[in-house]
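Trainee: Can you walk me through reading a structure like this one? I'd like to go feature by feature.

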Protein chains: 2
Amino acid sequence: MRNIKITIQYDGRNYNGSQIQPKVNTIQNEIEVALTTLLRKKTDITLAGRTDSGVHAYGQVANFSTDTPIPTSRIKRALNNLLPNDIYVLDVTEVSVDFHARFSKSNKTYIYKIFISDEKNIFSNFYYYNIHEYLNVEEMKKASLHLIGSHDFKSFMSSGSNAFTTVRDIYSITIKENLVEKDFSSILCDSGKIVTIEVQGNGFLYNMVRIIAGTLIEVGLGKIDSSKIPVIIDGHDRKLAGHIAPPNGLYLKEILYTEEKY
Amino acid sequence: MRNIKITIQYDGRNYNGSQIQPKVNTIQNEIEVALTTLLRKKTDITLAGRTDSGVHAYGQVANFSTDTPIPTSRIKRALNNLLPNDIYVLDVTEVSVDFHARFSKSNKTYIYKIFISDEKNIFSNFYYYNIHEYLNVEEMKKASLHLIGSHDFKSFMSSGSNAFTTVRDIYSITIKENLVEKDFSSILCDSGKIVTIEVQGNGFLYNMVRIIAGTLIEVGLGKIDSSKIPVIIDGHDRKLAGHIAPPNGLYLKEILYTEEKY
C-alpha cells in the first residue's frame, strides 16, 4: 500500500467544518467523495487538524492509503477536476508508511484576521472578524508575550474536547497591523485597518486559537489588562479568558512535520 | 404614500441573481421579505439594475412605496437587523414621488475584476475572474477607446433581452493593473496581478459589461486585435464579440441619478 500526503486549500464559508459528520457538508466528505470516485474504491482520509464550520485553510494536510498505481501528479490534477471550486489540492506526495497527518509531530501555524472599519463591510464578513472599534495593538503584543512557551492552556479550551493533556507549546505569536485605503482592486473595497494574529505551536486545543484571538482583542479594546494574562493561564478556567472569536476570521496556514524520516 | 430609495451592498456569491424568481433565493426576495416583516405589509421593491447569479454590488439602488411613519434612519437599522449578513443597506432616503430606480435617468458604473495568478486561487474564485495567462493591458486600453461613445451595442448583448433599442452611451472605460505580493492580510494571499475594468454609461444591455470584459480580455490575450473593435460593433452580431466573462468578477459599483428634482 502507498501512503499519500495531500496539502489542501479551502474556503470554509459554505462548509460545516472539516471533519466528516452525517448529513452535513464537510471538507472531509468532499475530498473522500472525490477520492472514492477517482480510485474507484471507498477511500477515507486522516486530516491533520480539525477546522470548525466557516474556518478556512491555506495549508491543511491529510493522508490516505491506496494501492492505486496512478502517479501523484495525475492524482493532483484529477482530484482538482473532481472537487468543488472552493477546495483545491495544492500538493500530492508519496510519503513513508510511518507518516500520520494527525499524530506525526508537527508545528502548526494558524492566522486570525480582523478587519476594523467604521461601517459593516459585507465583503469582509466571511473572511475577517469585522469590528468597528479601535484596537490597541501594542497592548495586544504585550499580552501575547505571556502566552508564548509551554503552558497548561485549559483556560483557552472550549468544552467538548477529550484532550489527554491541556499542556501545549506556543512557539510564536506575531501581531501585525496594516492600514488599508478604499481600493476597488481589493475585495473589501473599504478603508480601515487589518490586524492579523499569527500563532505557531506544536498543537492546539479545541477552539484555542479563537479563544486566544478573542482574549487578545479584549486586551486591544481595553477590557482585559495585558498584565492579567498569567492570571488567566494559571486559573485553568475557561471563564477567565476572553470570548471566542468567530470562526470566519481563522485560517489554518501551514503544518510543518518535524521528523526527517518522511 | 412615501417613496423610499435604498442603496444596497451585496455579496452575490450565494444568490441566484438580484431579481425575484419563483423558488430560488434572490437579492430582491431577501429584501422584500425583510421589508414585509418590518412594515407588516407586503412590500415590493423596484431594482435599478438586474444583476445575474453570482454578481456583486457595492451600490445597487431600489425604491418602494410605503405609508409607514418610521423614520429613514430607523428603517436602515431595522432592515439591516433583518437581512442576512451578505446583504447590507448602506443608505435609506425619502425621495420625490417621481423617482423610479429603474426608469429615472442615471449613470451606472460597473467594475469587472480579474486576478492573474500562476495557480488556481480558491479565495479569488467568487470575487474575481481568475486567469493564469499574461494580459497585454496596453492593447486592452487601446481597444476600449473604440467602445466609448454612443453605439449600437447589439454585438455585446446576450439573447433573451427585450430592449427597445440596442443603442447605449458609454462615457468611460478605465483599465488599471495592480501587482500584488503574497500577503496574509489580503483574502487572496497569493502573488499575481489584479486588472480592473471600470465601465460607466447611461445603461447597459443584458450581459453587456461581461461581454465587453470578455472581449477586452481576448484582446489582452492576443486573440482579438484591438483595431477590430469597430468591425465587431458595426457587425451587430453577438458572434463577432468575445466570450462572456463569468459573473463572479462583476460588481455594480454605483448608480448616479442625473436629474436634480429628487
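Trainee: Is K253(A) buried or exposed?

Mentor: The idea is to ask how much of a residue's accessible area is left open: buried means under 20% relative accessible area, exposed over 50%, and partly exposed in between (1.4 Å probe, protein chains only). K253(A) has a relative accessibility of 16%, so it counts as buried. Before we go on, this is a predicted model, where local features need pLDDT of at least 70 and side-chain atom pairs count only at pLDDT 80 or more, while totals for chains, interfaces and linings use all residues. Residues are numbered from 1 along each chain as its sequence is written, chains are lettered from A and ligands numbered from 1 in the order in which they are written, and side-chain values use heavy atoms, with hydrogens and water left out.

Trainee: Okay! Which residue forms a salt bridge with K253(A)?

Mentor: For a salt bridge, look for a side-chain nitrogen of Lys or Arg within 4 Å of a carboxyl oxygen of Asp or Glu. Here the partner is E198(A), and the closest N and O atoms are 2.9 Å apart. The pair links distant parts of the chain, with E198(A) in strand β9 and K253(A) in strand β10 of chain A, 55 residues apart. Names like these come from DSSP runs numbered from the N terminus: helices are H or I, at least four residues, and strands are E, at least two. E198(A) has a relative accessible area of 22%, so it is partly exposed.

Trainee: Which residue does K193(B) meet in a salt bridge?

Mentor: That would be E177(B), at 2.6 Å from N to O. This pair also links distant parts of its chain: K193(B) sits in strand β9 (residues 192-201) and E177(B) in strand β8 (residues 167-180) of chain B, 16 residues apart. K193(B) is buried because its relative accessible area is 19%, while E177(B), at 38%, is partly exposed.

Trainee: How many salt bridges does the structure hold over all chains?

Mentor: There are 24, and 6 salt bridges lie across the interface of chain A and chain B. One of them pairs R13(B) with D11(A), at 2.9 Å from N to O. D11(A), D86(A) and R13(B) are linked in a network of salt bridges.

Trainee: And how far apart are the closest N and O atoms of D86(B) and R13(A)?

Mentor: They are 3.7 Å apart, and the two residues form a salt bridge. D86(B) lies in the loop between α2 (72-82) and β4 (87-95) of chain B, and R13(A) lies in the loop between β1 and α1 of chain A, so the pair joins two chains. Both D86(B) and R13(A) are buried.

Trainee: How many residues does the contact take from each chain?

Mentor: Contact means heavy atoms within 4.5 Å. On that rule, 36 residues come from chain A and 36 from chain B. Chain A and chain B bury about 3,300 Å² between them, and 57% of it is on carbon and sulfur atoms. F123(A), F184(A) and I187(A) supply 22% of the area that chain A buries against chain B, more than any other three residues.

Trainee: What about the core, which residues have the most contacts inside the largest one?

Mentor: In soluble globular proteins, nonpolar side chains tend to be buried together. A nonpolar core is a set of buried Ala, Val, Leu, Ile, Met, Phe, Trp, Tyr and Cys residues joined through side-chain atoms within 4.5 Å. The largest one here has 169 residues, and those with the most contacts inside it are I114(A), F156(A), I197(A), I114(B), F156(B) and I197(B). Leaving aside neighbours within four places in sequence, F156(B) is in contact with residues including L147(B), Y206(B), I211(B) and A241(B).

Trainee: Where is R40(A)?

Mentor: R40(A) lies in the loop between α1 (27-39) and β2 (46-47) of chain A. Its phi is near 55°, a positive value in a residue other than glycine. R40(A) is exposed, with a relative accessible area of 79%. Now try H236(A): it is in the loop between α5 (229-235) and β10 (250-257) of chain A.

Trainee: What is the phi of H236(A)?

Mentor: H236(A) has a positive phi of about 50°, although it is not a glycine. H236(A) is partly exposed, with a relative accessible area of 38%.

Terms used. Buried area is the accessible area (1.4 Å probe) that two parts lose on being put together, summed over both.
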